Amino acid sequence: MEIKCVPLDSQLWDEFRGAYGNVSEEVKIVMGYCKDIAPQQKLRRLEPDRKSDYEIAFDNLCENLWHQMSFYPATYLALPYLVCLLQKKAEENDFKWQLRLISAIGAVLATDVWKDGDCCDNEILENYKNSIACVKEITMTFVKEYAISLKVLDEVAKQELLIGMLAILGEKELAFLSTCNFENECCFACEHCEYCYEGGALEDTEFLNMVEPAQPKEWDGISYDDTFTWYYGILKKWGLNQQAKLLLYHYGTFTCPECGKTSLLLDCMKQYYEIG
């Protein structure tokens, strides 16, 4: 599938901007088009890790595309470049950067729930969709080929990758909700009345009494057709047992203590964030 990248000197980069403006310079650095990289200033200034100027440029690009989990038009132009870079890293068998790119691309796609309609430029939109289709194939191959390496990642890296996978494989709303509920809690609102609940967690008896958890199915380790099945299967496989248990509640049936009506808890979580 062919991916066409908008030239970095195009005026479109001034039109399709990120959270902090034109991102063409960051894309140029990330793609390796700069012989000498000027010193970069972190947009996330409180981040303590020491990083190279290349890594800072990458982080700054990502921050431009997902700041405050909002969707920015620059994503339409930057995503094809990021996917081309991912293709290159896959050919080089670069585990570290494939992991980093898949997680980042997924986080960017998770903001897609907020955009107001589709891009008005059909060619740009087509390239955007082709990029998503391409990264989907690379992601599934990556998870299969590096199954052992992924299993021993730290918990945060596993969660970030899983959120990325959700968005890349088409579950952008669930990826967005997972980002908002990264601390293994959930907020939700009844679809039928004004009841609202914040902080639902496995240690919360009141929350547990309102939701009948879903029953898990066995994942064959191959198919990604049923999101609940593969997501739960990977959580268990990677030893993220608390998150797996909470997922059963997210896919469970909520009974509102005020109006008595029932809904899928996921739908109530979407209601709380006003997405979907």
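Analyst: In this predicted model, the lining of the largest pocket is made up of eleven nonpolar, two polar and nine charged residues. The space within the largest pocket amounts to about 710 Å³. Its lining comprises 22 residues, and those closest to the centre of the pocket are Arg-44, Trp-66, Ser-103, Ala-104 and Glu-160. Three elements each supply two or more residues to this lining: helix H3 (53-66), helix H5 (95-109) and helix H8 (155-168). Of the contributions to the largest pocket, that of H5 is the greatest, at six residues.

The residues that line the second largest pocket are Met-140, Val-143, Lys-144, Ala-147, Trp-219, Gly-221, Ile-222, Tyr-224, Ile-234, Lys-237 and Trp-238. Here the elements that provide two or more lining residues are helix H6 (122-145) and helix H11 (227-237). H6 accounts for the largest share of the lining of the second largest pocket, with three residues.

To draw the description together, H5 gives the most to the lining of the largest pocket, while H6 gives the largest share to that of the second largest pocket.

How values were computed:
Residues numbered from 1 in each chain as written. Predicted model: local features only at pLDDT ≥ 70, side-chain atom pairs only at ≥ 80, totals over all residues. Heavy atoms only, no water. 1 Å grid on protein atoms, 1.4 Å probe; cavity = no way out; pocket = protein on both sides within 12 Å on 5 of 7 lines; lining within 4 Å. Points joined across faces, edges and corners; volume = space filled by probe spheres on them. Helix = DSSP H or I, 4+ residues; strand = E, 2+ residues; numbered from the N terminus. Nonpolar A, V, L, I, M, F, W, Y, C, P; charged D, E, K, R; others polar.
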